[in-house]
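Dear colleague,

I am passing this structure on to you, and below it you will find notes on what turned up. Please read them with the sequence and the structure open beside you.

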Amino acid sequence: MDSNSLDKLTACRECDLLVERITLVENQHAHCPRCNALLYIGRKDPVNTTLVVSISGLLMVFPAYFLPLMEMGTLGLTNSSSIFETLVPMMSGAYWIAAISLFLFAILIPVLLLLFSFWISLHLRINSYPNYLIPLQRLYQSLVSWGMPEVYILGIIVSLVKLLDDFTVVVGPGLFSFCVMMFCSLLVTTTVSRQYFWEALQHAREN
Amino acid sequence: MPEKINQEQLESARSAGLIGCEVCSRVNNGDEHICRCCGSVIHSRIPDSINKTWALTVTATLLLIPSNILPMMTIESFGKGQPDTIMSGIISLFQHGLYPIGIIVFLASIMVPILKIIGLFILLISVHREKPSGSLPRTKLFRVIEFFGKWSMLDVFVVSLLVTLVSLGDIANVIPGLGAAAFCAMVILTIFAANSFDTRIIWDRLEGDSRGE
């Protein structure tokens with residue numbers, strides 16, 4: 001088949017069914033008629049919303065990582081830690097696997113998702129398509145499923161409740177910034193439109 | 001779903017001699033190896049999908065034992081402290097009256113890993129059977145496995161946080177245990193297992209497609 005007639009089709013990612021590609025209006029979802037998998041979503045103004053959300057998240061990166069997360073103490077002794085300091089004691093011994101997964105899934109990947117989606121949307125906004133944009137979008141798409149900011153936030157809540165039983169805990173400014181950043185990182189995965197990216201790219205190539 | 005679909009009329013990309021790209025969802029001709037739109041390596045089905053998933057799931061099952069027997073962490077107070085496994089940690093949460101948190105940790109650390117591994121085994125065994133049960137329920141099972149998998153990381157994150165925050169010299173300390181490392185490895189392996197399972201294989205038999213890999 002030639003590429004024009006191939007472009008009219010899409011294959012379901014979950015059951016391999018050939019489905020005709022249709023143009024969606026805002027907030028419409030296209031599902032596979034056989035397995036009901038989500039094929040693509042018609043997003044409302046994906047470029048500008050992604051820019052807004054990713055910039056807000058990126059502004060919070062510095063305070064989130066370097067300001068104290070919380071301060072806890074008992075009998076007059078206190079100890080406060082920022083997110084980065086939580087990695088240091090785990091790096092010794094066999095716990096490196098826990099430390100590395102904490103660093104990757106809860107700290108590095110959420111920031112990379114913000115950074116990549118910002119950079120890609122910025123280029124879509126100014127209609128510039130440098131060669132590295134395709135590998136960047138591919139990397140972004142493969143990282144989405146490895147970001148676990150929501151799990152880490154629940155982890156913070158669980159630790160707080162455990163600590164409150166025996167210690168006095170004062171929540172620091174880092175925690176607030178961190179939650180905002182994580183929320184933006186979650187939100188950005190719902191504002192980015194993959195469909196929009198690949199179509200804009202193809203459109204740019206043809207012209 | 002809105003209406004009943006006649007399975008006979010539907011054609012998969014593979015039986016039409018085409019390959020769908022998983023990255024940009026474009027359709028390619030069957031003799032291509034690189035997607036013409038995004039340049040990703042494309043496969044009609046993930047190569048060795050079932051064997052890879054078997055290997056990863058069995059390894060994860062074995063790691064389930066040390067991660068439940070070995071201590072996750074030791075909370076030391078004034079030089080004394082008892083190592084806590086996952087289960088004893090949950091029991092002590094209940095004894096302190098922290099029921100909601102206890103239930104959350106129980107779901108994330110005990111229920112989700114065990115149900116996820118059982119689910120993966122069900123999917124793997126069903127692929128080998130002559131007459132497997134419905135494709136749609138099995139695809140739904142896979143979606144549930146994929147969605148809840150990452151929540152098991154909760155306990156690993158909690159241990160890491162407590163180790164750092166509770167370091168008050170002689171008064172109170174939290175020391176990580178080997179169980180945390182085993183548990184973390186187990187969760188990561190199950191995520192890899194789910195990622196290497198190709199759900200398109202579930203639907204292949206339905207079309208009587210016997211062309212093999």
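Ile103(B) has a relative accessibility of 44%, so Ile103(B) counts as partly exposed (buried means under 20% relative accessible area, exposed over 50%, partly exposed in between, with a 1.4 Å probe and protein chains only). This is a predicted model, in which local features need pLDDT of at least 70 and side-chain atom pairs count only at pLDDT 80 or more, while totals for chains, interfaces and linings use all residues. Residues are numbered from 1 along each chain as its sequence is written, chains are lettered from A and ligands numbered from 1 in the order in which they are written, and side-chain values use heavy atoms, leaving out hydrogens and water.

Ile103(B) sits in helix α3 of chain B, residues 99–128 (helices are DSSP runs of H or I with at least four residues, strands runs of E with at least two, numbered from the N terminus).

**Chain A**

Chain A holds 8 helices and 7 strands. Its radius of gyration (over C-alpha atoms) is 21 Å, well over the 17 Å that the globule rule (2.2 Å times the number of residues to the power 0.38) gives for 207 residues, so chain A is more spread out than a compact globule. Along the principal axes, the C-alpha atoms of chain A fill a box of roughly 75 × 40 × 35 Å, and 53% of its 207 residues count as buried.

In helix α8 of chain A, the buried residues are Gln195(A), Phe197(A), Trp198(A), Ala200(A), Leu201(A) and Gln202(A).
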